[in-house]
Amino acid sequence: MAVDKLEKLMFELGIYQCQEGYDCILAAMELVVEDPKRLKRLTKVLYPLTAARCDCGSPSVERYIRSSIAKGWEANPEGFSKIARRKLTQAPTTGDFLCMLYEYLKQIRNG
């Protein structure tokens, strides 16, 4: 995974390193890149694995990511539409956001 590209994208979206969800998003995306099927098992697989990497509880992972999404949406809703490749009228759910990031990173990686 292109961590530097993900970090740049998150900054553009208004998701900053000082937010609790920042490290959770990075860890979750590393896990998704390793096995994209984890996107289909968020609460049973992805969040617990992310929690272990971030030294927090599984419910906290979802809450921290959701909080970062809300802050980013407030700062740059157009950026979210860009990575979704369609017009969004509200902030994406946590799962949708992780799917959007994964697809966007795949697109960047494949040129």
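This is a predicted model: local features need pLDDT of at least 70, side-chain atom pairs count only at pLDDT 80 or more; totals for chains, interfaces and linings use all residues.
Helix α2 covers residues 20-34 and helix α3 covers residues 42-54. Their axes are 9 Å apart, and the two helices pack at an angle of about 125°. Because of that angle, α2 is oblique to α3; an angle has to be over 145 degrees to count as roughly antiparallel, while 65 to 115 degrees counts as roughly perpendicular. The crossing of these two helices is right-handed.

Which residues make this contact? On the side of α2 they are Asp23, Cys24, Ala27, Ala28, Glu30, Leu31, Val32 and Glu34. On the side of α3 they are Leu46, Leu49, Thr50, Arg53 and Cys54.

Is Thr43 buried or exposed? Its relative accessibility is 57%, so Thr43 counts as exposed, the cut-off for exposed being over 50%. If neighbours within four places in sequence are left aside, Thr43 is in contact with Pro48 and Ser58. A distance can also be given from Thr43 to Tyr64, which lies 21 residues away along the chain: their C-alpha atoms are separated by 14 Å.

The second pair is α1 and α5. Helix α1 spans residues 3-13, and helix α5 spans residues 77-84. How far apart are the axes of α1 and α5? The separation is 8 Å, and the packing angle is about 140°. These two helices are therefore oblique to each other. From α1, the residues Leu9, Glu12 and Leu13 take part in the contact. They meet Gly79, Phe80, Lys82 and Ile83 of α5. The residues of this contact between α1 and α5 divide into four nonpolar, one polar and two charged.

Ser81 is found in helix α5 as well. With a relative accessibility of 12%, Ser81 counts as buried, because the cut-off for buried is under 20%. What does Ser81 touch, not counting residues up to four places away in sequence? The residues in question are Arg86, Lys87 and Leu88.

How values were computed: Residues are numbered from 1 along each chain as its sequence is written. Side-chain values use heavy atoms; hydrogens and water are left out. Axes are lines fitted to C-alpha atoms, for helices over the stretch in contact, and angles run from 0 to 180 degrees between N-to-C directions. Helices (H or I, at least four residues) and strands (E, at least two) are DSSP runs, numbered from the N terminus. Angles under 35 degrees count as roughly parallel, over 145 as roughly antiparallel, 65 to 115 as roughly perpendicular and the rest as oblique. A crossing is left-handed if the near helix is turned anticlockwise from the far one by less than a right angle, and right-handed if clockwise. Contact means heavy atoms within 4.5 Å. Buried means under 20% relative accessible area, exposed over 50%, partly exposed in between (1.4 Å probe, protein chains only). Ala, Val, Leu, Ile, Met, Phe, Trp, Tyr, Cys and Pro count as nonpolar, Asp, Glu, Lys and Arg as charged, and the others, Gly among them, as polar.
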